[in-house]
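Please view the sequence and the structure together before reading on.

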Amino acid sequence: MRERLCSKIACAREAVATLTYDYGDQMAVLGPLGPEAAAHAHDLCSIHTERVAMPRGWVIVRHETLRA
């Protein structure tokens with residue numbers, strides 16, 4: 001099985017987390033890497049996982065296993 005790479009442009013690191021959005025609720029969820037790539041989700045490496053920022057007024061929910 002081929003590893004999945006970070007979705008950020010020019011980043012060739014292995015993805016470790018998946019970021020999804022709920023635009024209606026102005027919320028983003030950052031959780032463990034999903035079982036497969038999804039068109040409306042963004043896979044991120046550990047560096048970009050730590051750097052995620054949302055627009056003012058948005059909430060970001062981080063899955064606790066990523067904080068270990």
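Which residues does Val29 touch, not counting residues up to four places away in sequence? Val29 touches Thr18, Leu19, Thr20 and Val61, where contact means heavy atoms within 4.5 Å.

The model is predicted, so local features need pLDDT of at least 70 and side-chain atom pairs count only at pLDDT 80 or more, while totals for chains, interfaces and linings use all residues. Residues are numbered from 1 along each chain as its sequence is written, and side-chain values use heavy atoms, with hydrogens and water left out.

**Overall fold**

- The chain contains 1 helix and 4 strands; these are DSSP runs numbered from the N terminus, with helices being H or I runs of at least four residues and strands being E runs of at least two.
- Read from the N terminus, the order of the elements is β-β-β-α-β.
- A compact globule of 68 residues would have a radius of gyration near 11 Å, and the 12 Å of the chain agrees with this. The radius is taken over C-alpha atoms, and the globule rule is 2.2 Å times the number of residues to the power 0.38.
- The C-alpha trace spans about 35 × 25 × 25 Å along its principal axes.
- Among contacts with a separation of 6 or more, 56% join residues 24 or more positions apart.

**Surface and burial**

- The accessible surface of the chain is about 5,100 Å², and carbon and sulfur atoms account for 54% of this area. Accessible areas come from the Shrake-Rupley method with a 1.4 Å probe, and for residues only the protein chains shown count as cover.
- Of the 68 residues in the chain, 28% are buried. Buried means under 20% relative accessible area, exposed means over 50%, and partly exposed lies in between (1.4 Å probe, protein chains only).

**Val29 in its strand**

- Val29 belongs to strand β2 and is partly exposed, with a relative accessible area of 34%.
- The C-alpha atoms of Val29 and Arg62 are separated by 6.1 Å, although the two residues are 33 residues apart along the chain.

- In soluble globular proteins, nonpolar side chains tend to be buried together.
- The largest nonpolar core here has 9 residues: Cys6, Cys11, Ala17, Leu19, Ala28, Leu30, Leu44, Cys45 and Val52. Strands β1 and β2 each supply at least two residues of this core.
- Such a core is a set of buried Ala, Val, Leu, Ile, Met, Phe, Trp, Tyr and Cys residues joined through side-chain atoms within 4.5 Å.

- A disulfide is a covalent bond between the sulfur atoms of two cysteines.
- The structure holds 0 disulfides, a disulfide being counted when a pair of cysteine sulfur atoms lies within 2.5 Å.
- Cys6 is buried at 6% relative accessible area, and Cys11 is buried at 10%.

**Aromatic pairs**

- A pair of aromatic rings is described by the distance of the centres and the angle of the planes.
- The structure holds 3 aromatic pairs. Rings of Phe, Tyr and Trp (its six-membered ring) pair if their centres lie within 6.5 Å; planes under 30 degrees apart count as stacked, over 60 as edge-to-face and the rest as tilted.
- Tyr21 and Tyr23 form a stacked pair, with 5.6 Å from centre to centre and 25 degrees between the planes.
- The rings of Tyr21 and Trp58 have centres 6.1 Å apart and planes at 80 degrees, so this pair is edge-to-face. Because Tyr21 lies in strand β1 and Trp58 in the loop between α1 (46-50) and β4 (59-62), the pair ties together parts that are 37 residues apart in sequence.
- Ring pairs link Tyr21, Tyr23 and Trp58 into a cluster.

**Positive phi angles**

- Ala10, in the segment before β1 (17-22), has a positive phi near 70 degrees while being a residue other than glycine. Ala10 is exposed, at 82% relative accessibility.
- Gln26, in the loop between β1 and β2 (27-32), has a positive phi near 50 degrees and is likewise a residue other than glycine. Gln26 is partly exposed, at 38% relative accessibility.
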